[in-house]
Amino acid sequence: MGIYRSSNGVVRVFGVRGHVRALKSDDMSPHSKCALSRTRHLAIAFFLFCIAPLSMFGAAKNYAVVQLGGYRAVRVHYGPMNQMIMPVRINGQPANLLVDTGSNQLILDAATAASFGIKPSQRGLRYIRYTHINGQDLPVGFAQNISAGSMNFGGGLVTLRGSSYSGSGTGSRHVDGMLGLDILLRHKTLINCRTKLVFFKVDQSRRINLGSVAASEKFTRVPIQREENGALTVPCSIGGHSTRLLVDTGAFVTILHESFAASLGLAAEPTRISAQFSRGGSKKISAAKLDDFGIGAFRIRSEKFGVAPLPRFALQQGSSKIAGILGMDTLYICHAIIDLDGMNLFLK
């Protein structure tokens, strides 16, 4: 029992047996037809570029990031526990942030933030600005400038958290914080979980419909719903039960809630791995095989996935109660593309 890294680098978890997967144009004018053709060609080029394999971008050390009209591409790398890590500069200082669709805000380690000159707003002995996250009131500071590659996000509020959290999962490399949905949604980001590039939209007038192009490349489109509390969820079917999963690129494995798995009669086997939550401590992960698992209309082959007692804040996402977390292992293996402009998840 324990952690296993497959040949493609994705972390999986072994149980007693098997493993858990760790991620009408005739009426148009000639001008309109030409514009439509250009848009479609751009969309195809954009989509094919986005689905290029990791090896394409990792082959040459001096690879120059290709920029597409209306977007800025930023390179990321993958950490030891399926972490999508983006090098950034905060107030001119280098830092590493986890690209985390499970976080609503940009969050920094408080000690690291202090070294960048970022401190919580304070009057006397009391902080005057807080943000509420997962049942906790955390102080907020202000960063003068945040950038990544050629993308400049400008200044903004930063949530500060204690140094006890340095990433997710056993053996995790320390990261300085999380790049959350406040920035990702503002810039209508396109996240490809198979490549080493993340695209930020800088020209809001550009409209690229990836749906038809994705279908031609045999991707399945799954609509993403943004919940009242800001979380991103997708519909799924597990063992014939319709429910929802939280889309969380910050989670290194896909995990079902323990009581939900038990209600399906799934036999969970112990593993040696744990999941670390920002509040609620460390939770041991078991392994259970799913023979009937679909995300939207996309069917996932029979595999073993993680099972753990998820904390209440993870289960209740606004008015929606979820059955678990869709993590980076499944997202990576299913060639996931998260489109925060069209609010779609593409799987293949």
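Visitor: Which side chain meets that of R301 in a salt bridge?

Guide: Start with the general idea: a salt bridge is a side-chain nitrogen of Lys or Arg within 4 Å of a carboxyl oxygen of Asp or Glu. Here the R301 side chain meets that of E303, with 2.8 Å from N to O. Bear in mind that this is a predicted model, where local features need pLDDT of at least 70 and side-chain atom pairs count only at pLDDT 80 or more, while totals for chains, interfaces and linings use all residues. Residues are numbered from 1 along each chain as its sequence is written, and side-chain values use heavy atoms, with hydrogens and water left out.

Visitor: Is E303 buried or exposed?

Guide: Buried means under 20% relative accessible area, exposed over 50%, and partly exposed in between (1.4 Å probe, protein chains only). E303 is buried at 7%, whereas R301 is exposed at 52%.

Visitor: How many salt bridges does the count come to?

Guide: The count is 5. One of them joins the side chains of E269 and K304, at 2.6 Å from N to O. E269 belongs to strand β22 (residues 269-276) and K304 to strand β26 (residues 303-308), so this pair ties together parts 35 residues apart in sequence. Strands here are DSSP runs (E, at least two residues), numbered from the N terminus. E269 is buried, at 12% relative accessibility, and K304 is buried at 12%. Another bridge links D292 with R299, at 2.4 Å from N to O; D292 is partly exposed at 31%, and R299 is partly exposed at 47%.

Visitor: How many aromatic pairs are there?

Guide: Rings of Phe, Tyr and Trp (its six-membered ring) pair if their centres lie within 6.5 Å; planes under 30 degrees apart are stacked, over 60 edge-to-face, and the rest tilted. The count is 3. Among them, F153 and F200 are edge-to-face, 5.1 Å centre to centre with 75° between the planes. F153 sits in strand β13 (residues 151-161) and F200 in strand β16 (residues 197-201), so the pair ties together parts 47 residues apart in sequence. F200 is buried, with a relative accessible area of 0%. F293 and F305 are also edge-to-face, at 5.2 Å and 90°.

Visitor: Which residues touch the most other members of the largest nonpolar core?

Guide: A nonpolar core is a set of buried Ala, Val, Leu, Ile, Met, Phe, Trp, Tyr and Cys residues joined through side-chain atoms within 4.5 Å. The largest has 57 residues, and those touching the most other members are M86, I90, F200, V234, F293, I295 and L345. A second, separate core of 16 residues includes A275, L310, A314 and I325.

How values were computed. Helices (H or I, at least four residues) and strands (E, at least two) are DSSP runs, numbered from the N terminus.
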